[in-house]
Amino acid sequence: MDKDFREEFTEVIKFTPPLYKQRYQFVKDLVEKYKPKKVADLGCADCRLLWMLKFCSCIEVLAGLDICASVMKEKMHTLSPLPVDYLQPSERSLTVTLHHGSIAHKDPCMLGFDFVTCIELIEHLEESELKKFPEVVFGFMAPSIVVISTPNSEFNPLLPGVVLYRHPDHKFEWNQAQFQSWALDAAKCYDYSVEFTGVGHPPAGMENVGFCTQIGVFVRKYPQTGESVLSEKPPEAVYKTVFKAVYPSLKDEKYLQNAVVSEVIFTAQNIKHHLMSKLEKDDDDDPERKSRFQPSVDYFSDYLRKLVVDQTMEPFVSGNEVCIPLVTIFSFPKVNRLCGTFEKLCKLIAGKVPLSSDGSAVVFNTEHENE
C-alpha cells in the first residue's frame, strides 16, 4: 500500500454507526432471516449483543458464554425482565442464561442451539484453545448456523494508533487469506458451507483491503441426527451458571389467566359503558326501549352491533344488573386469540370474574356506581 495514500486516510477513518453496532446489526439481520429459536453468543462479554437479540420475537432461548465472569456480571442486569414484561406478558417464552467458562471445553448446556455467534472472539484465544475451537463449536455443538467475525489485519494500517494488534489481549489478527483458509478447512471437516463478507467498508479506491471486520457465515449442510448426537458419551458439566432469567409468558397458565381476566373485564366494562350511555338517552316513557340494546355509532359499538346476531348475544339490563353474555365477549379478537376456545375462556375466568347464576354472562351491579 502506498505510504502517502495510507497516511491520507489514517486520520479520517470513522465508522457510522460504530463498528460494533454494525456487527450486532449484521447478526440481528441474520436472525430475522433464519428465525432460530435457540441462540448462543460465545464470548458474550458485556452482553450487549444478547440484549439486542432478546427483542427478536423468534428467539425462545438465549445463552451467553464468557471466560470473564466479572465482565458479564457488570451488565447482566440488562437481561432481566422489566415491570412491563409482567404487565404485558409476551405470547412467546424466553429464557436467558449466562455461563462462565472456556470455549475450549465441552458442556452439555451448549447442546441444542440453532444459531451460534462468535463475534470478535477467536483472536482472543490461545493457540491451544483455537485448536479445540472447531471441534467444540462445529463438531460438538453442531448448530445450523455459526457466525464468526474477526479483525482483518489488512485494514490495520488505516486505523489510527494501531501498531501491531487492535487490542492488547489479541493473540493474532489474520488477513483475509488466513481467515478464509482456516474457515474453509473447518467447514470442510465438519460438513458446513461458508460464505465470507464483513462490515466496515474501506475507502473508495482501496476495495482490495477488504472489510475492517471480516465475517464468515457457516451453514450446516446436513441436519444433525440423533445417532450423531449420541455417538460419544456426553461430557460432564464444566461451566458455571452466573445468571438466569425466565420471562413471563402467556404460555404459562398463571400469566395467561391474568391476561384473560383483565381483557374480559376491560371488554365487558366497555360494553356496559356503551349500553348505559345509550339507555340514558332513551325516552323515559318507553321502558321497552330501555331494555333493548341499541348500539351507538362509534367504532366499538358498531363492531359490537355486527357481533349481535341473536338475542343470546345481546347485552341487557335486569334491575340493578348489567349482563354481558360471555359469547359476546369471546367474539372480540383479543379475547378469542388469548383463549382459543370458549371452554378455555370459562375455565380461566371461573372465580375471577362476577358471573350470572348460570355462568353465561359477566354481571355488573350498578346500584352504588354513581354514589
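Phe179 is buried, because its relative accessible area is 0% and buried means under 20%. In this predicted model, Phe179 sits in helix α7. Its C-alpha atom is 9.7 Å from that of Ser149, although Phe179 and Ser149 are 30 residues apart along the chain.

Together with Val163 and Leu164, Tyr165 makes a nonpolar surface patch of about 340 Å². Tyr165 counts as partly exposed, with a relative accessible area of 32%.

Asp169 has its place in the loop between β5 and α7 as well. Here the relative accessibility is 34%, so Asp169 is partly exposed. What is the C-alpha separation between Asp169 and Leu125? These two residues are 44 residues apart along the chain, and their C-alpha atoms are separated by 9.0 Å.

## The largest pocket

If you are looking for open space in the model, the largest pocket holds about 810 Å³. Its lining is made of 34 residues, and those closest to the centre of the pocket are Gly43, Ala45, Ile119, Glu120 and His124. In general terms, rolling a probe the size of a water molecule over the atoms shows where empty space is left.

Which element gives the most to this lining? The answer is α2, with four residues. The elements that each supply at least two residues of the lining include α2 (19-34) and β1 (38-42), and α3 (48-53) and β2 (61-66) are also among them.

## Salt bridges

Side chains of opposite charge can pair when their charged atoms come close. The count for this model comes to eight salt bridges, and three of them are described here.

One of the pairs is Lys106 with Glu135, whose side chains meet at 3.1 Å from N to O. Lys106 lies in the loop between β3 (95-100) and β4 (115-119), while Glu135 is in helix α6 (residues 127-141), so this pair ties together parts that are 29 residues apart in sequence. Both partners are partly exposed: the relative accessibility of Lys106 is 24%, and the relative accessible area of Glu135 is 28%.

Arg48 and Asp46 also meet through their side chains, in a salt bridge of 2.8 Å from N to O. Arg48 is partly exposed at 40% relative accessibility. Another bridge joins Glu32 to Lys35, where the closest N and O atoms are 3.8 Å apart. Glu32 is partly exposed too, with a relative accessible area of 36%.

## Backbone points to check

Most residues other than glycine have a negative phi, and most peptide bonds are trans. With that in mind, here are some places to look at in the backbone. Lys35, the salt-bridge partner of Glu32, has a positive phi of about 50 degrees although it is not a glycine. Lys35 lies in the loop between α2 and β1.

Cys47 has a positive phi as well, near 70 degrees. The place of Cys47 is in the loop between β1 and α3, and Cys47 is buried, with a relative accessible area of 1%.

Where is Pro17 found? Pro17 is in the loop between α1 (3-10) and α2. The peptide bond that runs from Thr16 to Pro17 is cis, and its omega is near -5 degrees.

## Cysteines

A disulfide is a covalent bond between the sulfur atoms of two cysteines. How many disulfides does a search of the whole structure find? The search finds zero. For Cys56, the nearest cysteine sulfur is that of Cys58, 5.6 Å away. Cys56 is in no disulfide, because the cut-off for a pair of cysteine sulfur atoms is 2.5 Å.

Is Cys56 buried or exposed? Cys56 is buried, with a relative accessible area of 1%. Cys68, by contrast, is partly exposed, with a relative accessible area of 27%.

Conventions. Residues numbered from 1 in each chain as written. Predicted model: local features only at pLDDT ≥ 70, side-chain atom pairs only at ≥ 80, totals over all residues. Heavy atoms only, no water. Patch = residues over 30% accessible without salt bridge, like charges linked within 9 Å, V, L, I, M, F, W, Y side chains within 5 Å. Areas by Shrake-Rupley, 256 points an atom, 1.4 Å probe, with all protein chains shown as cover. Salt bridge = Lys/Arg side-chain N within 4 Å of Asp/Glu carboxyl O. Buried < 20%, exposed > 50% of the residue type's maximum accessible area, 1.4 Å probe, protein only. 1 Å grid on protein atoms, 1.4 Å probe; cavity = no way out; pocket = protein on both sides within 12 Å on 5 of 7 lines; lining within 4 Å. Points joined across faces, edges and corners; volume = space filled by probe spheres on them.
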